Amino acid sequence: MEEGTHRPEIFVLEDGRILLVVVQPQNNGGVTIKHQAYLYDEEFNEQSRFPVTYIDDTYGEPADHRVAVVDDEIVIVYQTLNYGQNAPAGGGPSEQYATDQSLMLARYTFEGAEVLRTPIVAQQTDFTEDNFPDHCLLWDGDRLLVSTGSWSEKTKIRRVDLEGNIEATWTFEGDLDTIGNSLLIHNGKVAMLSYLMGAESGLTLNEFDADFEPNLLGYFPSEERSRTFPTGYAQINGYTFIAHVTSPAGTIGNPETNPFASYLLVLDENLQEVDDIYLGEDGFGHIHPTIAWKGDRFFVAWSMRS
């Protein structure tokens, strides 16, 4: 892919095609594109590509995104930011420069036709209440569950329909971070893969009750590495695969001075660690690994320096 492309979300479609939705800025006749979708055949031959987000006069500049494939549509939930006079230079987190944030929903067909674009939360100015980088989502039967953080310790899960309407909201704290997580179904219940920062610096698995209060099921530290940002997961034949980012134990990962590496943690049905597979080092930014699989083919996509 072209230099500067990063933060891939990867899926294998029912017909075997591979979908990637990435950050790939591009100017198109005066319109600034921020995210694009790619479709490949089973051998990674590109079939098509099309833009899916743009800088908008109302909601601002698209940033972090997460994706779900629902029936025959690509569903994209993404953060946008409006900036004041002190606009950021370069990449990386930039909420400290923003005057407001929005959480947006867009839907596309696999042929690239836009079905819908609408705010879920429009122009939030109180970032202690809502902060939208590195959110996560789960398609739970007939609705999206979308988890977002804040500059406080609060995390929110919203139940959202495909028109962008919020049907319910839950706020919680627990053994988890507010961003860089994954939502999944574990033993028939909604659960969250997250992590603890600081000296502990290990991955966590929390299960939610009916009121979305988290209950810690597992804690997975490493003596050799910090483990954070479990943004990719798969559950196959009783095993849970967790793609996450790491830095050497006792250090704080920094994309510039201490680039992250990517690992794949494997847990058995009893949540016992059975493998920790090295994937790659010299990551770009926070790497953002995601997972897709079908049959006996397993894919992990993440950002590396070019």
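**Burial, salt bridges and cores**

Trainee: Why is R107 called buried?

Mentor: The relative accessible area of R107 is 10%. The term buried applies under 20%, so R107 is buried. Please note that this is a predicted model.

Trainee: What makes the pair R107 and E73 a salt bridge?

Mentor: A side-chain nitrogen of Arg must lie within 4 Å of a carboxyl oxygen of Glu. For R107 and E73 the N to O distance is 2.7 Å, so the pair meets the rule.

Trainee: Why is this pair said to tie parts of the chain together?

Mentor: R107 belongs to strand β7 (residues 98–109), whereas E73 belongs to strand β6 (residues 73–83). The two residues are 34 residues apart in sequence, so their pairing joins those parts.

Trainee: Is E73 buried or exposed, and how do you know?

Mentor: E73 has 17% relative accessibility. That value is under 20%, so E73 counts as buried.

Trainee: How do you know that R7 and D134 form a salt bridge?

Mentor: Their side chains meet at 3.0 Å, N to O, and the limit is 4 Å. The pair links distant parts of the chain: R7 is in strand β1 (residues 6–12) and D134 is in strand β9 (residues 131–139), 127 residues apart.

Trainee: Why do R7 and D134 count as buried?

Mentor: R7 is at 7% relative accessibility and D134 is at 12%. Each value falls under 20%, so both residues are buried.

Trainee: How many salt bridges does the rule give, and which residues are linked in a network?

Mentor: The count is 21 salt bridges. E129, D130, K154, K156 and R158 are linked in a network.

Trainee: Which residues touch the most other members of the largest nonpolar core?

Mentor: They are L19, V21, V52, I74, I76 and Y108, in a core of 17 residues. At least two core residues come from each of β2 (18–28), β3 (31–40), β4 (46–54), β6 and β7. I74 touches several residues, including L19, V21, R107 and Y108. A second, separate core has 16 residues, among them L193, Y195, L203 and F220.

Methods. Residues are numbered from 1 along each chain as its sequence is written. This is a predicted model: local features need pLDDT of at least 70, side-chain atom pairs count only at pLDDT 80 or more; totals for chains, interfaces and linings use all residues. Side-chain values use heavy atoms; hydrogens and water are left out. Helices (H or I, at least four residues) and strands (E, at least two) are DSSP runs, numbered from the N terminus. Buried means under 20% relative accessible area, exposed over 50%, partly exposed in between (1.4 Å probe, protein chains only). A nonpolar core is a set of buried Ala, Val, Leu, Ile, Met, Phe, Trp, Tyr and Cys residues joined through side-chain atoms within 4.5 Å. Contact means heavy atoms within 4.5 Å. Lists of a residue's contacts leave out its neighbours within four places in sequence.
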